[in-house]
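Open the model in your viewer and keep the selection panel at hand. The stops below go from one selection to the next.

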Amino acid sequence: MQTKIAKILYESDKHISGQQISEQLGVSRQAVSKAVKSLRDKGFEIESITNKGYLLTKMPQKLCEEAISFYLDTKLIGRKIEVLDTVGSTNDYLKKLGSQGAQSGTVVLAREQTAGKGRLGRTWQSKKDDGIALSVLLRPEKSPAEISSITPLTGLAVCRAINDFCRLDSRIKWPNDIIVGKKKLVGILTEMSAEFDRVDYTVTGIGINVKNTTFPDDIAHKATSVLLETGRHFDVNKLVVCILKNLERELVENHYNLSGTSVADYQLLCATIGRSVTFTRGRRKISGMAVGISNSGELEVMLSNGTISTVNSGEVTVQGIY
Ligand code: BT5
């Protein structure tokens, strides 16, 4: 009901009375005024004038379920959405929902994470309302091997969304970072629950630095935010919508495959390609030139003897970035 009222107010350019809204929705006047109060608590600025009614004067500037929901027109991703005030990790929270049968496409966002996770036990740090912490649960009817491109496709979708929406020139640092210049703007972490030949669910977490103006000492030299790069404030809810739409297109509509077109698009946006990289194989450190990405999302590296080696995950150091 809050979403419906928010939508009615959003679509009206003049005051609209509580009576009109209650008749339109078939609910009591009290229910309308209670919902308006809840919307105000969530950051909708709603003017109220006796004998005239309500007028929406400003949309919420913080992450807000209702604001995201009524901009969103995806078929799967975000049909069910939850915005938490604070949580340990949106990935952990959503994995729990996944094990309890949550539907494919469920999205969880948090204004604050107290135990945000990176890969390999590392942490993702962000202060309340500085960034977007977003996790998406999907249930691809595929084997784990068939969805190996889920992180690169997510990178592609998020990179595009940020570049379109914020007019930025961000690039993908294979496999799971988005950078501007030499600094990290976004980190992606995909986790999965699966049997040998069948995925039960995947949870892909995306952490985006949006309004951060400072970072903790240990990452200050290598982290950046949308605000620092553009000097502008963007509507975070609209940015989330743009990301979810791009995720739906890249992941769901492409059936989790890096098609010929998306490989080409990825290569254009990938900062790793064309640079010297070092990776480990067993105990050996190997260096070469990153030359491309395969259809299954692996990095293709040309070694000094001219052979191509593919790297599917793990740590790759890219010369000139971090
Ligand atoms: C990542 O790991 O970059 C994946 C981050 C995923 C975060 C999202 S937020 C929503 C969801 N819920 C979670 O709990 N996690 C996901 P990795 O490649 O391991 O990079 C981690 C490293 O990035 C850290 O060790 C720091 O060096 C650096 N780092 C931490 N916070 C950062 C930030 N806000 N901006 C830039 N770099 C950061």
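Select the ligand and Arg 119: in this predicted model, a polar backbone atom of Arg 119 is 2.8 Å from an oxygen atom of the ligand. Then select Asn 176, which has a polar side-chain atom 3.3 Å from an oxygen atom of the ligand. On its own, the ligand has 790 Å² of accessible area, and the protein covers 94% of this.

Now show the residues around the ligand. There are 27 of them, and Ser 89, Lys 117, Arg 122, Gln 125 and Lys 184 come nearest. The space that the ligand takes is the largest pocket.

Leave the ligand and turn to the nonpolar residues. The largest nonpolar core has 84 residues. Select Phe 44, Leu 109, Ile 132, Leu 134 and Leu 244, the members that touch the most others in this core.

Last, select Leu 84, Val 108, Ala 110 and Leu 137, which are among the 8 residues of a second, separate core.

Terms used
Residues numbered from 1 in each chain as written. Predicted model: local features only at pLDDT ≥ 70, side-chain atom pairs only at ≥ 80, totals over all residues. Heavy atoms only, no water. Core = buried A, V, L, I, M, F, W, Y, C linked by side-chain atoms within 4.5 Å. Buried < 20%, exposed > 50% of the residue type's maximum accessible area, 1.4 Å probe, protein only. Near = heavy atom within 4 Å. Polar contact = N/O pair within 3.5 Å; in protein donor to acceptor, adjacent residues only side chain to side chain. Areas by Shrake-Rupley, 256 points an atom, 1.4 Å probe, with all protein chains shown as cover. 1 Å grid on protein atoms, 1.4 Å probe; cavity = no way out; pocket = protein on both sides within 12 Å on 5 of 7 lines; lining within 4 Å. Sits in = over half its atoms within 2 Å of the grid points.
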